[in-house]
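I'd like to talk about charged side chains today.

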Amino acid sequence: MASLLTGTLNMGTFLSIVRRRYKRRRKKRSERKDRSCLRQSRNQQKYFTMDIDDEENMSSSSTDVKENRNMDNVPPKDSSVQSTGEGSQLSNGGSSSRKRPLEEGNNGHSKFRPKKRKKTPGPVLPKNALMQLNEIKPGLQYKLLSQTGPVHAPIFVMAVEVNGQVFEGSGPTKKKAKLHAAEKALRSFVQFPNASEAHLAMGRTLSVNTDFTSDQADFPDTLFNGFETPVQTDNSFYLGSNGDGSYSSSIDYSLSSSSVAGSLIQSPLPTPSSYPSTSGKNPVMILNELRPGLKYEFLSESGESHAKNFVMAVAVDGQTFEGSGRNKKLAKARAAQSALACLFNMQLDQTPSHQPIPSEGLQLHLPQVLADAVARLVVDKFSDLTDNFTSPHARRKVLAGIVMTTGTDVKDAQVISVSTGTKCINGEYMSDRGLALNDCHAEIISRRCLLKFLYTQLELFVSNKEDQQKSIFIKSERGGFKLKENVQFHLYISTSPCGDARIFSPHEAAQEDQGDRHPNRKARGQLRTKIESGEGTIPVRSTTTIQTWDGVLQGERLLTMSCSDKIARWNVLGIQGSLLSLFVEPIYFSSIILGSLYHGDHLSRAVYQRIAEIEDLPPLYTLNRPLLSGISNAEARQPGKAPNFSVNWTVGDTALEVINATTGKDEMGRASRLCKHALYSRWMRIHAKLSSSLRSKILKPNLYHDTKQVATKYQTAKECLFKAFLKAGLGAWVEKPIEQDQFSLSV
């Protein structure tokens, strides 16, 4: 019984202890909760009464934090008495993060001085052109002229009429387009108190030492008033002006000029431009600053669907300037660039690789105008022949053509031939009767078309007196015939010719390209041969290579000289060939124009520069240096695999002839109208009528090879050419097996 009572007492004691502990824990939790609520209320009061500037400074000033910490009953080491007194005042309104000490006389509550927010005036924003123009001419109406470009990158053109003049501006938004239009309008009539402000408004800078009191100003009057006609004075404000209203053309041939320009007058050293830097501005913008309110006219659209070509024109100071490009915007820029080059002598492209290389002597055309016109004529003719490129035979990698001009106006030019092709005959299909075409590269076929045209012109001369006047030939005082004066032939190739001109020009010349950086490398200028039934070239062997008929038929690779090498040959021997040289004096190309991959240094080396040391040429034969040029709008690379066919057309033909490049004959296995057999037949017919007019006498023509050997001066010039290549260390010329020329025919 006693043990039971003892156990009951122990249990009661235990429960009372547990109960007391539970109450103490609840009391502590309640006290913590009360303190937490009090702290939150004080914080809210603090944020409502503090200024925004104090709130920002609260976390950045360590000194204030230390001072406030001393106010929260944390006595400093040296002043414990003062802290205790102050701490009694913090019981109601103090906070652990006070920034300012409490002020006396406030019954222990915190008091903050209300701070007024300071409003500092910002910088006065400058008025844009739109606002300035609206102040000068309120109520102007802006009109949306056009919207071009894709949906994600539109280009808007807005126009505004001011003082009877219409100003256009373009931009990615209508607002920016209006702004540009307003800028142009302001430049046209706003007068500035001094020249520096005028130049700043134009986005230009003047030199520090500019003397505005000098009679010899270094800025044009047009900067101050675009509508005023400059007064003619003794001092010319325009670069390139001769002081009498005439303008000398720039020596930089990379820029086009007016199609109505006359003969080219070259100044040996152009005057350095006095205009400020034009970096970052396109030609249209620069021209509009000098001649506001110009209108660009759309002339034509041509080219294949993936390579369109647009032509735009602009009239400036009574002259019309044309420009072409793959879109209208680029064409406008080319036209403006042409005007800037001719009228203001502004050179916007100084890249050496882009510069056309003029031929020796006086030029009848400005090179870029001629190049663009020749290219456009050839492409347009090819479009006509292929039903606007819809024919299956319009597929091609390389397009070539020859254009004839008879005067200074390129509008009188005539397309003589058009051709395509990139492959050569397979050795097993060689013909020993001259019925197959060995080389079906486009430029080679175009030259054979020209031979056919020359035979036609000789036949005209011998037919009757009326037709004799239509012929391009006249009798030469040295015997035989020669071209009429001013008759010129221009070769266009859509890309650089294979071989030495192409191998080092795989891409378009970039702005930073400074010509050939390694002109003395051994690989430069080497003779190269084409690959049989394929594309590309390989260097010739260092020793003389003799090809044999039976060796080729048994499988030895047939070697054909590259197009670069053949063009170099034409620049010495002429494009008329050995047979026609018996009748006519040597004929040379006046220009060679590339549609893409134009590098002036590589092309000039390939077609004449590498044989500049040629010696002992017979009379009338020379090293021809034609004009070399690219075009303003480089042709796009042709997609897809190269076709296995070649097409050709000569003026007078009714349709294209399609040749299988592998066999050298047409699709039906018939001989081409350009083969050796066909051209030799025409030569024989002319010989029967003009045997008395031969420059070299031949008794009885027999074998094709023997007739060619009668042209002794031509053969001598050919030997000089081969020696020049060997002397320069460029390799030995590879000729076809002699058996293929051992054929004869009768009239």
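**Salt bridges in the model**

Let's start with Asp653, which is buried at 16% relative accessibility; buried here means under 20% relative accessible area, exposed over 50%, and partly exposed in between, with a 1.4 Å probe and protein chains only. Its partner in a salt bridge is Arg673, with 3.3 Å between the closest N and O atoms. By salt bridge I mean a side-chain nitrogen of Lys or Arg within 4 Å of a carboxyl oxygen of Asp or Glu. Asp653 sits in the loop between strands E17 (645–650) and E18 (657–660), and Arg673 in the loop between strand E19 (665–666) and helix H19 (676–690), so the pair ties together parts 20 residues apart in sequence. Those labels are DSSP runs numbered from the N terminus: helices are H or I with at least four residues, strands are E with at least two. Arg673 itself is partly exposed, at 26%.

Quick caveats. This is a predicted model: local features need pLDDT of at least 70 and side-chain atom pairs count only at pLDDT 80 or more, while totals for chains, interfaces and linings use all residues. Residues are numbered from 1 along each chain as its sequence is written, and side-chain values use heavy atoms, leaving out hydrogens and water.

Next pair: Lys718 and Glu735 form a salt bridge at 3.8 Å. Lys718 is buried at 10%, whereas Glu735 is partly exposed at 40%.

And how many salt bridges are there by this rule? The count is 20.
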